[in-house]
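Biologist: Please take a close look at one part of this model, and go through the contacts there step by step.

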Amino acid sequence: MSAIAELLTPPPSVVDLPDDVTDKTCPDNVSIPSARGIPSISSPRNRYQRKMGETELSYFLPSRQSGVNDMYLHLGFKAPERIAKRSRMCTVWAILRLRHPMLCARAELYDYGDVRFIYDAPSSAEDAYCDADANLEYRNQSKDELIDDYLNGPRTLSNNKLSYLIVAEPPTSPGLMPTPPRTPSPPSVALLEAEPSFEDDVNVEHKREYELLICAMHFLGDGMALHQFANDFFGLLGGATSDEQLSDMLQAEWRTRWHVAPEECILPAALEDNMPLSPLKFRRVAAQVDFQLSQQRLVGGQVFPRRKHSERHTVVPTVSFPEERTKAILKKCKANGVSISAALFAICNVAWARMGGGSKAAPTLMYSALNLRPYFTERRAAPWDSYWYLAIGYFNVVLPSFLPSGTTAERTFWLRARQAKEQSTRAAKSPLVASRTHEMAAERGERARVWAKEDDERDRGTWIPPTPTSQAQQLPPRESVLPARAKASAAALIGLSLLGNLDGIYKHAAFPDTELHTLTTGSRQRHGAMLLFGYTFKARLWISLGYDCNGFEGDVVDRFWKEALDCVDEFLG
């Protein structure tokens, strides 16, 4: 048993909090909204826990030191001041934290293979409001300052604070922004030219500029959870529900879940438990062989030249395209039989080839996330059907690194886009998605444990480089059952986060009092990391590149980014 495990005894699955654990108290200057005519009801606080799965572990363990992979979602919006006031914002935040308990949990490390989510259920609606208020912050900051602080400043999240909400108002904003008044129907031109009356001006509801930053650990969930959550958040915040009705809703949400606490664990299950495999030994062995064969087919070798630097600094240059141009781009992609996601793989491939990157003999390997929710066979019943859980796998796209002569660049581009589409479709429709996901999770989890142990030992000054044991040296090498293949690099050039049409998630008509206009997303990165994002939002195409500007040689990333945008202009229109 490790030293960590000896120090801590895991609590039972569901127990009343011990006497020495006190409830959080609200600051004296915070007023908790109470429901009209509904008495305050409370119950003993209950504790629930479960162990992290392998995929969750692979995100948790590397995050401990500097917050690698801590996610953020930024949304810029306009709204009347009554919508963005703290009490309303906090009530909405509290309601959604009740619906999604993972947001309120904490992570406790007992051993590198035993990390647990611990959730202390709120004892009342007021307790839930206090907890939400403690994880809500208001600032005077611009969008760029807000994002830069999160990505490059001190870590916002921690093992005791897995989610956080920041609302900022730009200090240099133009101030009040009036909502246009109703179009008048005057009986004469003279009235059209008349100055607006004081009464008309009083009836205009002014809007202000706000920046919202939703922060969450990646081992809690993924991009799909973030965006669905943001839609639900604005549906409550900017919808027709009054402050009093929201307070009633908070009370009702708490009563539904905690007036009588369930005995079973209410936390969403780990990814691997949502995709159970057959217990038959033959199938498990077959899954391992298939996984190894699929990994052997991954051949890359193209990489951006990197440099070592003591400071990581992430930047996220972002471009958006007007609505009409976005329509034309999507129409052209459809005419060539691909989606914008497949086209972005080709954009990266051709841009790198035109830069004259690495050896033309080595293919270009790129990776992206695969949404695993459609493959889940386990479902929870309401009210414990939270969508805040991790549900992503990975797939790879491999394309040639050269541009052939004797054909047009446009023809080559669309051929590469169709190849990317075929490979993406093959990965998504494979009947072996579940087994490959389990094998990859086991591999990633084991790798994360080894590195975490090494990191901790280095910090303590006790790390000793591993040496082969004498027994292992004496044993003859085992003959592999897999086909013999020459060793090849599986290094990836870049990762792509392809979010698709986010307007299918955000129901803008459901929150008329808020006008969303800007969306950016990403995470805190490790040294030398790079990720390209592509999505449509508010009928506009957005492309951004998040990377460590201290982690690459010279101006290689700047040249790639320029070449990629030039390819968008040339091939997509």
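Modeller: Contact here means heavy atoms within 4.5 Å. The model is predicted. I start with arginine 449, which is found in helix 16 (residues 433–460). Leaving aside its neighbours within four places in sequence, arginine 449 is in contact with Glu54, Leu57, Leu61, Tyr112 and Gly113. With one of these, glutamate 54, there is a polar contact between the two side chains, at 2.8 Å. Arginine 449 has a relative accessibility of 17% and therefore counts as buried, the cut-off being under 20%.

Glycine 235 can be set beside it. Glycine 235 lies in helix 9 (residues 223–237) and is partly exposed, its relative accessible area being 26%. Apart from neighbours within four places in sequence, glycine 235 is in contact with Ala510 and Phe511. From glycine 235 to alanine 509 the C-alpha to C-alpha distance is 9.0 Å, while 274 residues separate them in sequence.

Helix 14 (residues 340–355) packs against helix 15 (residues 409–429) at an angle of about 130°, and their axes are 8 Å apart. That angle makes helix 14 oblique to helix 15. The crossing of helix 14 with helix 15 is right-handed. On the side of helix 14, the contact is made by Ala342, Ala343, Phe345, Ala346, Ile347, Asn349, Val350 and Arg354; helix 15 contributes Ala409, Phe413, Arg416, Ala417, Ala420, Lys421 and Ser424. By type, the residues of this contact between helix 14 and helix 15 are ten nonpolar, two polar and three charged.

How values were computed. Residues are numbered from 1 along each chain as its sequence is written. This is a predicted model: local features need pLDDT of at least 70, side-chain atom pairs count only at pLDDT 80 or more; totals for chains, interfaces and linings use all residues. Side-chain values use heavy atoms; hydrogens and water are left out. Axes are lines fitted to C-alpha atoms, for helices over the stretch in contact, and angles run from 0 to 180 degrees between N-to-C directions. Helices (H or I, at least four residues) and strands (E, at least two) are DSSP runs, numbered from the N terminus. Angles under 35 degrees count as roughly parallel, over 145 as roughly antiparallel, 65 to 115 as roughly perpendicular and the rest as oblique. A crossing is left-handed if the near helix is turned anticlockwise from the far one by less than a right angle, and right-handed if clockwise. Ala, Val, Leu, Ile, Met, Phe, Trp, Tyr, Cys and Pro count as nonpolar, Asp, Glu, Lys and Arg as charged, and the others, Gly among them, as polar. Buried means under 20% relative accessible area, exposed over 50%, partly exposed in between (1.4 Å probe, protein chains only). A polar contact is a pair of N or O atoms within 3.5 Å; within protein, one must be able to donate a hydrogen and the other to accept it, and residues adjacent in sequence count only if both atoms are side-chain atoms.
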